[in-house]
Amino acid sequence: MAHGHKGNDEEKVIFVGDSRVRKGSGFITPPDYTAYPGKSEAFIPNFLLKEWMVGVVVLVGILVLTISEPAPLGYPANPSASVIPMPDWYFLFLYQYLKYPYASGDYVLLGVLGVSGVAFGALLLAPFLDTGKERRFYKRPIASALMLLSVISVFYLTNVAWTHYKHELEASGQKPEHIQREEEALEKHEQGLPTSNAPGQQQEEVAIVDKDDSAMETYKKAGCIGCHATDMKGQGNAPSLRGVGDKHSQEEIVTIIKEGYNGMPAMYDQAIAQGVTDDEITHLAEWLAKQKAEQ
(Lines give C-alpha, C1' and ligand atoms only; values in the text may rest on other atoms or scores of the structure.)
Protein backbone atom coordinates (compact mmCIF):
# COMPACT_ATOMS: atom_id res chain seq x y z
CA MET A 1 0.00 0.00 0.00
CA ALA A 2 1.47 3.35 -1.02
CA HIS A 3 0.70 6.74 0.41
CA GLY A 4 1.19 10.07 -1.27
CA HIS A 5 2.48 13.24 0.37
CA LYS A 6 -0.76 15.16 0.02
CA GLY A 7 -3.14 16.11 2.76
CA ASN A 8 -5.47 13.69 4.43
CA ASP A 9 -8.38 14.75 2.23
CA GLU A 10 -6.42 14.00 -0.92
CA GLU A 11 -4.65 10.87 0.30
CA LYS A 12 -4.54 8.13 -2.29
CA VAL A 13 -4.63 4.48 -1.27
CA ILE A 14 -3.35 1.80 -3.63
CA PHE A 15 -3.83 -1.94 -2.88
CA VAL A 16 -1.09 -4.21 -4.12
CA GLY A 17 -1.39 -8.02 -4.38
CA ASP A 18 0.55 -10.06 -1.82
CA SER A 19 2.49 -12.84 -3.50
CA ARG A 20 2.96 -14.62 -0.18
CA VAL A 21 -0.67 -15.84 -0.19
CA ARG A 22 -0.95 -18.93 -2.35
CA LYS A 23 -4.05 -19.65 -4.37
CA GLY A 24 -5.94 -22.69 -3.03
CA SER A 25 -6.55 -25.64 -5.31
CA GLY A 26 -8.62 -28.81 -4.93
CA PHE A 27 -10.89 -29.90 -2.09
CA ILE A 28 -10.31 -28.27 1.29
CA THR A 29 -10.87 -30.69 4.15
CA PRO A 30 -13.21 -29.11 6.70
CA PRO A 31 -12.06 -29.00 10.30
CA ASP A 32 -12.98 -31.86 12.61
CA TYR A 33 -16.00 -31.43 14.90
CA THR A 34 -13.61 -31.21 17.87
CA ALA A 35 -12.62 -27.77 16.58
CA TYR A 36 -16.04 -26.53 17.69
CA PRO A 37 -16.50 -27.73 21.27
CA GLY A 38 -20.14 -27.74 22.42
CA LYS A 39 -21.47 -26.97 18.93
CA SER A 40 -21.18 -30.29 17.14
CA GLU A 41 -20.66 -34.00 17.75
CA ALA A 42 -19.84 -37.18 15.93
CA PHE A 43 -22.77 -38.78 14.09
CA ILE A 44 -21.64 -42.28 15.12
CA PRO A 45 -22.03 -43.12 17.91
CA ASN A 46 -22.93 -39.90 19.79
CA PHE A 47 -25.81 -38.50 17.71
CA LEU A 48 -27.15 -41.86 16.53
CA LEU A 49 -27.18 -43.28 20.06
CA LYS A 50 -29.34 -40.44 21.34
CA GLU A 51 -31.76 -40.87 18.44
CA TRP A 52 -32.02 -44.59 19.20
CA MET A 53 -32.68 -43.93 22.86
CA VAL A 54 -35.53 -41.53 22.04
CA GLY A 55 -36.96 -44.09 19.61
CA VAL A 56 -36.82 -46.82 22.26
CA VAL A 57 -38.66 -44.63 24.81
CA VAL A 58 -41.42 -43.85 22.27
CA LEU A 59 -41.73 -47.52 21.28
CA VAL A 60 -41.98 -48.65 24.92
CA GLY A 61 -44.67 -46.02 25.54
CA ILE A 62 -46.71 -47.28 22.57
CA LEU A 63 -46.35 -50.88 23.76
CA VAL A 64 -47.51 -49.94 27.26
CA LEU A 65 -50.61 -48.21 25.89
CA THR A 66 -51.36 -51.18 23.63
CA ILE A 67 -51.07 -53.70 26.47
CA SER A 68 -52.99 -51.63 29.01
CA GLU A 69 -55.98 -50.90 26.74
CA PRO A 70 -56.49 -53.42 23.88
CA ALA A 71 -58.05 -52.14 20.70
CA PRO A 72 -61.85 -52.69 20.64
CA LEU A 73 -63.14 -55.27 18.21
CA GLY A 74 -65.80 -54.20 15.75
CA TYR A 75 -69.03 -56.02 15.11
CA PRO A 76 -68.96 -59.05 12.75
CA ALA A 77 -69.44 -58.14 9.11
CA ASN A 78 -73.08 -58.08 8.10
CA PRO A 79 -73.62 -57.84 4.30
CA SER A 80 -77.34 -57.19 4.76
CA ALA A 81 -76.84 -54.26 7.15
CA SER A 82 -77.83 -50.79 5.98
CA VAL A 83 -74.88 -48.46 6.53
CA ILE A 84 -73.60 -45.18 5.15
CA PRO A 85 -70.03 -45.79 3.90
CA MET A 86 -67.47 -43.33 5.18
CA PRO A 87 -63.67 -43.24 4.84
CA ASP A 88 -61.27 -42.55 7.69
CA TRP A 89 -61.11 -38.95 8.90
CA TYR A 90 -57.88 -38.14 7.06
CA PHE A 91 -59.54 -38.98 3.70
CA LEU A 92 -62.74 -37.03 4.33
CA PHE A 93 -61.60 -34.04 2.26
CA LEU A 94 -60.95 -36.29 -0.77
CA TYR A 95 -64.27 -38.05 -0.19
CA GLN A 96 -66.09 -34.72 -0.29
CA TYR A 97 -64.07 -33.48 -3.26
CA LEU A 98 -65.09 -36.53 -5.33
CA LYS A 99 -68.77 -35.75 -4.72
CA TYR A 100 -68.65 -32.57 -6.79
CA PRO A 101 -69.92 -32.74 -10.42
CA TYR A 102 -66.59 -31.76 -11.97
CA ALA A 103 -64.80 -34.61 -10.15
CA SER A 104 -67.30 -37.43 -10.62
CA GLY A 105 -69.68 -38.86 -13.19
CA ASP A 106 -68.52 -38.00 -16.70
CA TYR A 107 -65.56 -36.10 -15.26
CA VAL A 108 -64.35 -38.79 -12.87
CA LEU A 109 -61.11 -39.23 -14.83
CA LEU A 110 -60.41 -35.52 -14.52
CA GLY A 111 -61.21 -35.57 -10.81
CA VAL A 112 -59.13 -38.64 -9.99
CA LEU A 113 -56.11 -38.15 -12.25
CA GLY A 114 -56.23 -34.61 -13.61
CA VAL A 115 -56.58 -32.44 -10.51
CA SER A 116 -54.63 -34.83 -8.28
CA GLY A 117 -51.86 -35.07 -10.88
CA VAL A 118 -51.58 -31.30 -11.10
CA ALA A 119 -51.47 -30.98 -7.30
CA PHE A 120 -48.80 -33.62 -6.78
CA GLY A 121 -46.87 -32.45 -9.85
CA ALA A 122 -46.79 -28.90 -8.48
CA LEU A 123 -45.57 -30.27 -5.15
CA LEU A 124 -42.72 -32.13 -6.87
CA LEU A 125 -41.78 -29.12 -8.97
CA ALA A 126 -41.94 -26.63 -6.09
CA PRO A 127 -38.21 -26.89 -5.18
CA PHE A 128 -37.27 -26.22 -8.81
CA LEU A 129 -39.72 -23.36 -9.33
CA ASP A 130 -39.10 -21.61 -6.03
CA THR A 131 -35.33 -21.12 -6.23
CA GLY A 132 -35.14 -17.92 -4.21
CA LYS A 133 -32.86 -17.75 -1.19
CA GLU A 134 -35.51 -16.15 0.99
CA ARG A 135 -37.03 -18.64 3.46
CA ARG A 136 -39.30 -16.37 5.51
CA PHE A 137 -42.92 -17.07 4.61
CA TYR A 138 -43.97 -13.41 4.40
CA LYS A 139 -41.20 -12.84 1.85
CA ARG A 140 -42.60 -15.64 -0.37
CA PRO A 141 -46.18 -14.53 -1.10
CA ILE A 142 -46.96 -17.05 -3.85
CA ALA A 143 -45.74 -20.14 -1.98
CA SER A 144 -47.31 -18.99 1.28
CA ALA A 145 -50.64 -18.22 -0.39
CA LEU A 146 -50.75 -21.66 -2.02
CA MET A 147 -49.96 -23.32 1.29
CA LEU A 148 -52.68 -21.43 3.17
CA LEU A 149 -55.18 -22.10 0.38
CA SER A 150 -54.43 -25.83 0.54
CA VAL A 151 -54.80 -25.98 4.34
CA ILE A 152 -58.07 -24.02 4.27
CA SER A 153 -59.42 -26.28 1.50
CA VAL A 154 -58.62 -29.45 3.45
CA PHE A 155 -60.31 -28.14 6.61
CA TYR A 156 -63.34 -26.89 4.68
CA LEU A 157 -63.89 -30.11 2.72
CA THR A 158 -63.41 -32.24 5.86
CA ASN A 159 -65.98 -30.20 7.78
CA VAL A 160 -68.51 -30.32 4.93
CA ALA A 161 -68.11 -34.10 4.56
CA TRP A 162 -68.58 -34.76 8.28
CA THR A 163 -71.56 -32.39 8.59
CA HIS A 164 -73.30 -34.02 5.63
CA TYR A 165 -72.63 -37.47 7.12
CA LYS A 166 -74.30 -36.47 10.41
CA HIS A 167 -77.33 -35.14 8.53
CA GLU A 168 -77.60 -38.43 6.64
CA LEU A 169 -77.50 -40.36 9.92
CA GLU A 170 -80.28 -38.21 11.39
CA ALA A 171 -82.42 -38.58 8.27
CA SER A 172 -82.04 -42.37 8.15
CA GLY A 173 -82.24 -42.91 11.91
CA GLN A 174 -79.02 -44.92 11.92
CA LYS A 175 -76.51 -45.00 14.73
CA PRO A 176 -72.78 -45.32 13.88
CA GLU A 177 -71.01 -48.43 15.10
CA HIS A 178 -68.55 -46.48 17.25
CA ILE A 179 -71.49 -44.83 19.06
CA GLN A 180 -73.06 -48.24 19.66
CA ARG A 181 -69.75 -49.52 21.05
CA GLU A 182 -69.48 -46.52 23.36
CA GLU A 183 -73.01 -47.08 24.69
CA GLU A 184 -72.35 -50.79 25.20
CA ALA A 185 -69.07 -50.02 26.95
CA LEU A 186 -70.89 -47.55 29.24
CA GLU A 187 -73.52 -50.16 30.10
CA LYS A 188 -70.82 -52.74 30.84
CA HIS A 189 -68.93 -50.22 32.95
CA GLU A 190 -72.05 -49.50 35.03
CA GLN A 191 -72.49 -53.25 35.56
CA GLY A 192 -68.85 -53.70 36.57
CA LEU A 193 -68.04 -55.75 33.45
CA PRO A 194 -65.00 -55.32 31.16
CA THR A 195 -65.65 -52.65 28.55
CA SER A 196 -63.50 -54.22 25.84
CA ASN A 197 -64.38 -57.07 23.50
CA ALA A 198 -60.74 -58.05 23.13
CA PRO A 199 -60.10 -61.83 23.26
CA GLY A 200 -58.18 -61.56 26.50
CA GLN A 201 -61.23 -60.14 28.28
CA GLN A 202 -63.98 -62.39 26.88
CA GLN A 203 -66.34 -63.76 29.48
CA GLU A 204 -67.28 -67.39 29.85
CA GLU A 205 -70.14 -68.45 27.62
CA VAL A 206 -73.55 -68.00 29.23
CA ALA A 207 -75.79 -71.06 29.00
CA ILE A 208 -79.43 -70.92 27.91
CA VAL A 209 -81.78 -71.21 30.89
CA ASP A 210 -84.69 -73.66 30.50
CA LYS A 211 -83.85 -74.53 26.95
CA ASP A 212 -86.81 -76.94 26.76
CA ASP A 213 -89.32 -74.28 27.77
CA SER A 214 -92.20 -73.65 25.33
CA ALA A 215 -90.94 -70.07 24.98
CA MET A 216 -88.12 -71.41 22.81
CA GLU A 217 -90.71 -72.40 20.19
CA THR A 218 -92.28 -68.96 20.47
CA TYR A 219 -88.81 -67.46 20.02
CA LYS A 220 -88.44 -69.32 16.73
CA LYS A 221 -92.03 -68.75 15.60
CA ALA A 222 -91.87 -64.99 16.16
CA GLY A 223 -88.84 -64.74 13.87
CA CYS A 224 -86.34 -63.76 16.56
CA ILE A 225 -83.85 -66.28 15.12
CA GLY A 226 -83.48 -64.09 12.03
CA CYS A 227 -81.33 -61.62 13.98
CA HIS A 228 -80.43 -63.27 17.27
CA ALA A 229 -79.73 -66.74 15.77
CA THR A 230 -81.01 -70.12 16.87
CA ASP A 231 -78.40 -70.36 19.65
CA MET A 232 -79.34 -66.83 20.88
CA LYS A 233 -75.74 -65.64 20.44
CA GLY A 234 -76.74 -62.92 18.01
CA GLN A 235 -75.30 -62.13 14.59
CA GLY A 236 -74.31 -58.99 12.76
CA ASN A 237 -75.39 -55.95 14.78
CA ALA A 238 -77.93 -57.98 16.77
CA PRO A 239 -76.67 -58.64 20.32
CA SER A 240 -76.66 -61.96 22.12
CA LEU A 241 -79.74 -62.71 24.21
CA ARG A 242 -77.83 -64.98 26.55
CA GLY A 243 -77.69 -63.11 29.82
CA VAL A 244 -80.20 -60.50 28.62
CA GLY A 245 -81.99 -60.85 31.96
CA ASP A 246 -79.01 -59.15 33.62
CA LYS A 247 -79.74 -56.02 31.59
CA HIS A 248 -83.52 -55.87 31.20
CA SER A 249 -86.55 -56.90 33.24
CA GLN A 250 -89.61 -58.66 31.87
CA GLU A 251 -91.52 -55.37 31.49
CA GLU A 252 -88.60 -53.78 29.64
CA ILE A 253 -88.36 -56.74 27.27
CA VAL A 254 -92.06 -56.48 26.46
CA THR A 255 -91.58 -52.76 25.73
CA ILE A 256 -88.62 -53.53 23.47
CA ILE A 257 -90.67 -56.08 21.53
CA LYS A 258 -93.48 -53.57 21.03
CA GLU A 259 -91.47 -50.35 20.49
CA GLY A 260 -87.97 -51.43 19.47
CA TYR A 261 -84.65 -50.51 21.07
CA ASN A 262 -81.21 -49.22 20.03
CA GLY A 263 -81.70 -49.68 16.29
CA MET A 264 -83.92 -52.76 16.65
CA PRO A 265 -87.36 -52.22 15.06
CA ALA A 266 -90.60 -53.08 16.82
CA MET A 267 -91.33 -56.79 16.34
CA TYR A 268 -94.78 -57.04 17.95
CA ASP A 269 -96.82 -56.72 14.75
CA GLN A 270 -94.59 -59.17 12.91
CA ALA A 271 -94.92 -61.70 15.74
CA ILE A 272 -98.71 -61.35 15.75
CA ALA A 273 -98.71 -61.82 11.97
CA GLN A 274 -96.81 -65.08 12.49
CA GLY A 275 -99.62 -66.36 14.74
CA VAL A 276 -98.04 -65.55 18.12
CA THR A 277 -100.54 -64.57 20.82
CA ASP A 278 -100.18 -61.90 23.49
CA ASP A 279 -99.92 -64.57 26.17
CA GLU A 280 -97.07 -66.23 24.28
CA ILE A 281 -95.27 -62.88 23.95
CA THR A 282 -95.67 -62.29 27.69
CA HIS A 283 -94.34 -65.77 28.43
CA LEU A 284 -91.46 -65.19 25.98
CA ALA A 285 -90.51 -61.96 27.80
CA GLU A 286 -90.71 -63.77 31.13
CA TRP A 287 -88.45 -66.54 29.82
CA LEU A 288 -85.94 -64.05 28.37
CA ALA A 289 -85.84 -62.22 31.71
CA LYS A 290 -84.66 -65.50 33.26
CA GLN A 291 -81.65 -65.62 30.91
CA LYS A 292 -78.97 -64.53 33.38
CA ALA A 293 -75.29 -65.26 33.67
CA GLU A 294 -75.58 -66.63 37.19
CA GLN A 295 -78.43 -68.85 38.37
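Author: Quick ground rule: buried means under 20% relative accessible area, exposed over 50%, and partly exposed in between (1.4 Å probe, protein chains only). This is a predicted model, so local features need pLDDT of at least 70 and side-chain atom pairs pLDDT 80 or more, while totals for chains, interfaces and linings use all residues. Numbering runs from 1 along each chain as its sequence is written, and side-chain values use heavy atoms, with hydrogens and water left out.

Ala-229 sits between helix H7 (225–228) and helix H8 (250–259); helices are DSSP runs (H or I, at least four residues), numbered from the N terminus. Ala-229 isn't a glycine, yet its phi is positive, about 70°. With 12% relative accessibility, Ala-229 is buried.

Now H8 itself. Its buried residues include Ile-253, Val-254, Ile-256 and Ile-257. They share one side of H8, because they cover an arc of only 160° around the axis (taken from the directions from the helix axis to the C-beta atoms). The background is simple: an α-helix has 3.6 residues a turn, so residues three or four places apart point the same way. Glu-251 and Glu-259 are on the other side of H8, and they're exposed.

What covers that buried set? Helix H9 (268–273) and helix H10 (278–289) are among the elements doing it, where contact means heavy atoms within 4.5 Å. Lys-258 lies over the face of Tyr-268, 5.5 Å from the ring centre; the rule wants NZ of Lys or CZ of Arg within 6 Å of the centre and within 35 degrees of the ring normal. After H8 comes Gly-260, with a positive phi near 85°.

Asp-210 is in the loop between helix H5 (177–190) and helix H6 (215–221), and at 41% relative accessible area it's partly exposed.

As for rings, five aromatic pairs turn up (Phe, Tyr or six-membered Trp ring centres within 6.5 Å; planes under 30 degrees apart are stacked, over 60 edge-to-face, the rest tilted). One of them, Tyr-90 with Phe-91, is edge-to-face at 5.0 Å centre to centre and 65° between planes. Tyr-100 and Tyr-102 are stacked, because their planes are at 15° with the centres 5.8 Å apart. Trp-89, Tyr-90 and Phe-91 are linked by ring pairs into a cluster.

Key
Helices (H or I, at least four residues) and strands (E, at least two) are DSSP runs, numbered from the N terminus.
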